Amino acid sequence: MALTGVSILAGSAVMNLTLIWGSCVVFGNYDISDSSTPSALENTKKPFNLTDYGVTTDDATSYTARITILSMIPFLILQIAKLINSSSGIRVVILISLLVTLVFLFLYCFYQVFQPWIQERRLAYVTKKFVTKNLVTSLLTATGKPDESRIREVFCEIDLNNNASISAAELRALLLGIKLEEAGLRNEDFVKNVLEDFDASGNGRIDETELHRGISKWLYDANHPADNNQYDEQPKIFARTAKSEEQQRLLAKKAKQQSQTAENHWFNYLKAAFLLIIGTAVLTLLAQPVIDAVDEFSSAVNIPSFTISYVVLPVAMNYREAMGAIKSARLKTKQSISLTFSEIYNGVFMNNMMGLGIFLFFVYIRNLSWDVSAEVLVILIICTLMGVLTCSSTKFPLWTTIIAYLMYPISLGLLYVLTQVTGWS
């Protein structure tokens, strides 16, 4: 059971940072050479090669990649158990790694309460997916320009009280279909940020001109990737330009609103903590039945349980997220790639911390016999190498995908050597 559990954990982490990451670079590649400009891209196209084509990200994306490297510390601690011969010493190492994992998970959640830029990037990622899926096809003319008549119809549909402006409550009608819950985001937060981005006048409402301007900007960004490759800002939902006086007035208004809703924010934090505890408890209860089902299924179809847990289950678990990441990367913009990679890195961190924490909890509480299987070392090696690659640069030519893709079969080769040659469990 222990081997099956850690194989699922290893397979998901390695697949996200190798196959899915590499696929995003392949499908999202554009000309990243220093000589490329938007006008040059429109008039001429350089010969395809593995050096001048690829993707670029912003600095904040490399920061999230460093968080992924931090999640390797508990895996590194577990390697000490291979140097200890006594079972009691191994239990101590497992306990220390479990405590470090829980501390990292707590600090990660606590950090986002006071520095929520990671959540803001996830919000931007969800928005980007919504614009591409729901708006681009329905609000564009055949020539690729915003359909003014259709946007006017949307405004009239949202303006329920016919007062020529849209309130926050009415704005929710525009946001139907966005799967905010999948990203751990609240509808109220999303409505607030979209309202602030569209509301150029700062009166808390959106008129028809502001709606047209805001939607047109969404559509333009989604369909003109070359003009957005210079995106290099700190994490925030949408970029906006305004005069300094207007910015100061909006900031003052926002500060006042924040002070008025401080109590609600703390209630939301407590609610989020409660839901996190409930979710962890559910995962803990379902962990053993899932592992037992994997063992039974592998026996029934006469396939090694390792193949099911390391390859098949990670594909099934990450298929939907992988398709969404690739679709977002195909926008071929610096912003979309940055947000997509951030989503991958955050997902790997949470997968490592939650998965390892629950796994080590079972091993320690039930005193399971586990000699720190080879999968732990494979996670440590592959994730560390990919983490160093992704956090050390913001430009990834296509040749980096060769490294990423090779890492997956290399991980399988490492497991074979460690288990069949060196005799690891």
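This is a predicted model: local features need pLDDT of at least 70, side-chain atom pairs count only at pLDDT 80 or more; totals for chains, interfaces and linings use all residues.
**Entry 1: H13 against H16**

Phe306, Tyr310 and Val311 of H13 touch Tyr408, Ser411, Leu412 and Leu415 of H16. I sorted the residues of this contact by type: 6 are nonpolar, 1 is polar and none is charged.

Next I checked the geometry. Two packed helices are described by the angle and the distance between their axes. H13 covers residues 305-329 and H16 covers residues 399-421. Their axes come within 13 Å and cross at roughly 150°. Angles over 145 degrees count as roughly antiparallel, and H13 and H16 are therefore roughly antiparallel to each other. I noted the handedness too: H13 passes H16 in a right-handed crossing.

**Entry 2: Thr401**

I stayed with H16, where Thr401 is found. Is Thr401 buried or exposed? Its relative accessibility is 6%. Buried means under 20%, so Thr401 counts as buried.

I then looked up its contacts beyond four places in sequence. Thr401 is in contact with Gly22, Val25 and Val26. I also checked Ser23, which is 378 residues from Thr401 along the chain. The C-alpha atoms of Ser23 and Thr401 are separated by 7.6 Å.

**Entry 3: the sheet**

I turned to the strands. Strands of a sheet pair through backbone hydrogen bonds. Here 3 strands form an open sheet in the order E1-E2-E3, with antiparallel pairing. E1 (30-31) and E3 (395-397) stand at the edges. Each has a single partner strand, so one side of each lacks a neighbour in the sheet.

Which residue of E2 is the bridge partner of Asp31? I found Tyr53.

Terms used:
Residues are numbered from 1 along each chain as its sequence is written. Side-chain values use heavy atoms; hydrogens and water are left out. Axes are lines fitted to C-alpha atoms, for helices over the stretch in contact, and angles run from 0 to 180 degrees between N-to-C directions. Helices (H or I, at least four residues) and strands (E, at least two) are DSSP runs, numbered from the N terminus. Angles under 35 degrees count as roughly parallel, over 145 as roughly antiparallel, 65 to 115 as roughly perpendicular and the rest as oblique. A crossing is left-handed if the near helix is turned anticlockwise from the far one by less than a right angle, and right-handed if clockwise. Contact means heavy atoms within 4.5 Å. Ala, Val, Leu, Ile, Met, Phe, Trp, Tyr, Cys and Pro count as nonpolar, Asp, Glu, Lys and Arg as charged, and the others, Gly among them, as polar. Two strands pair if DSSP finds at least two bridges between them. Buried means under 20% relative accessible area, exposed over 50%, partly exposed in between (1.4 Å probe, protein chains only).
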